[in-house]
Amino acid sequence: MKTSDPRSALWFSTATPAPETPSLQGDRRADACIIGGGFTGLSAALHLAEAGVDTVLLEAAHPGFGASGRNHGQVVPGYSKHSPDEIVAKFGKERGEAMNQWVQDSAALVFDLIRRHGIDCDAIQKGWLMPAHNAARLAVARQKHDQWAARGAPVEFLDRARIAELTGSPHYIGAWMHKGGGNIQPLSYTRGLARAAQKAGAAIHAASPALAVERAGGAWRVTAPGGTVTAEKVVLATNAYVDRLWPALAKSFVPVRLFQSATTALSDNIARSILPQGHSISDSRRVLWAFRKDRHGRVVAGAAPVFTYDIRSRIAAMVSGHIKTVFPQIGEVRLEHIWDGRVAVTTDRLPHLHDVAEGLHAGLGYSGRGIAMATGMGKVLAARVLGTPLAELPVPASALRPLPLHALSIPLARLTIGWQRWQDRG
Ligand SMILES: Cc1cc2nc3c(=O)[nH]c(=O)nc-3n(C[C@H](O)[C@H](O)[C@H](O)COP(=O)(O)OP(=O)(O)OC[C@H]3O[C@@H](n4cnc5c(N)ncnc54)[C@H](O)[C@@H]3O)c2cc1C
């Protein structure tokens, strides 16, 4: 099975059952049509349906087919790159602080939705850890900690002994923790969101790719193989899987393939010694090393290879090396699952909100940190569909701009990863 087949993901074999989502048959009208059944689209559908809006969601494959069902599962109350001070420097005090608050609230929103809708997805909210393996990266972690602490965020700085206790690893010299973060089984969360949206009244159609989005009088007509949806408002929630549907959107980010792998279930005593309290790690390397355990005591680890030929053996060698370096007690590493998914990386590494046209909205580009931000973006898109002015939304909107020389962006991204990995050594 190819690593890009969603069934190769660990989560596919351990998720709660998928809800019934029959394909679209026939022509229908709705107030809002959402395209894409990941966190962004499902959160938008849920929030719209809860507000009494007649909502139809079209998903090309099945809810969670994209990155939402294949990711690492870390709920991160922060950006992929920026510190909160940098956000204020970019957007000004008022808008910047609104966005800083939003990014933290988005992680809280994930856990609130899980609690409120009784979503069974192995959710653990004990805090999200960013440990450092050398003094230079510890200074970066310290800076992020201090800036979030100055805003009253629930953060803690951990010394070598404390991070060793929480990770079961001798590898790290310190860390910062945001206590609002945690981890989930991402495909179960996606399916739970779909079920909650259906319960609130949204219609969700799987196996219903939107083939065209066109003006139809004052509304939009979305065409799928089995029928059409005509709606005044349409949301493009396709993120890195947009492909040919809206070329300008597809060219506004760099699509990056990220890989994940999972070991076989470890023996009880070894499993207990690794991340003993259920935390997960995204370390402070520029090309980060990420680790967590699943419910059955497997270690799940992420990787971003520069080249993708002979990918299974390359990932196996890379990830086994990382796991043995951080958790030497594991001994031999046996990998059971290797899979990949696509993320949309923006050039400013910030999420993008666009009014693509009158009544046509898009939210995307979480640059690999989208469990919290995509869930939060879905809520923002719902507010926009309901008529909230752009200036009152916590995420600043921008014009949709295709990247110049987009075709070169993937080789350039690979070069960047290679360069950053070289900087991370030691
Ligand atoms: C390997 C990996 C690890 C990651 N780890 C983490 C992590 O630990 N923490 C974190 O916060 N983030 C992580 N991310 C990022 C996170 O998963 C994404 O940012 C998030 O899932 C994006 O959600 P989304 O709904 O916007 O897009 P997606 O989940 O990609 O969903 C888009 C959906 O649109 C559908 N679609 C596309 N075109 C059409 C069409 N024409 N008609 C109908 N449907 C269409 C697709 O089938 C797809 O289901 C990771 C991502 C990957 C790939």
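The model is predicted, with local features needing pLDDT of at least 70 and side-chain atom pairs counting only at pLDDT 80 or more, while totals for chains, interfaces and linings use all residues. Residues are numbered from 1 along each chain as its sequence is written, and side-chain values use heavy atoms, with hydrogens and water left out.

**Exercise 1. The ligand shell**

Find how many residues surround the ligand, and which polar atoms of the protein lie by its oxygen and nitrogen atoms.

A polar atom in the side chain of Glu-59 is 2.6 Å from an oxygen atom of the ligand, and an N or O atom in the side chain of Asn-71 is 3.1 Å from a ligand oxygen atom.

Then consider cover, using accessible areas from the Shrake-Rupley method with a 1.4 Å probe, where for residues only the protein chains shown count as cover. On its own the ligand has 1000 Å² of accessible area, of which the protein covers 96%.

Finally, assign the shell to elements, where helices (H or I, at least four residues) and strands (E, at least two) are DSSP runs numbered from the N terminus. Two or more shell residues come from each of α2 (39-50), β12 (254-263), β16 (335-345) and α11 (370-385).

**Exercise 2. Aromatic pairs**

Describe how the rings of Trp-11 and Trp-339, and those of Phe-291 and Phe-327, are arranged.

Solution. Rings of Phe, Tyr and Trp (its six-membered ring) pair if their centres lie within 6.5 Å, and planes under 30 degrees apart count as stacked, over 60 as edge-to-face and the rest as tilted. This rule gives 6 aromatic pairs. One of them joins Trp-11 and Trp-339, edge-to-face at 6.3 Å centre to centre, with 80 degrees between the planes. Because Trp-11 lies in helix α1 (residues 10-14) and Trp-339 in strand β16, this pair ties together parts that are 328 residues apart in sequence. Both Trp-11 and Trp-339 are buried, where buried means under 20% relative accessible area, exposed over 50% and partly exposed in between (1.4 Å probe, protein chains only).

For Phe-291 and Phe-327, the ring centres are 5.4 Å apart and the planes stand at 85 degrees, so this pair is also edge-to-face. Phe-291 belongs to strand β14 (residues 290-293) and Phe-327 to the loop between α10 (311-326) and β16, so the pair ties together parts 36 residues apart in sequence. Phe-291 is buried at a relative accessible area of 1%, and Phe-327 is buried at 0%.

**Exercise 3. A residue with positive phi**

State where Leu-275 lies, and decide whether it is buried or exposed.

Solution. Leu-275 is in the loop between α9 (268-273) and β13 (280-282). Its phi is near 40 degrees, a positive value in a residue other than glycine. With a relative accessible area of 1%, Leu-275 is buried.

How values were computed: A polar contact is a pair of N or O atoms within 3.5 Å; within protein, one must be able to donate a hydrogen and the other to accept it, and residues adjacent in sequence count only if both atoms are side-chain atoms.
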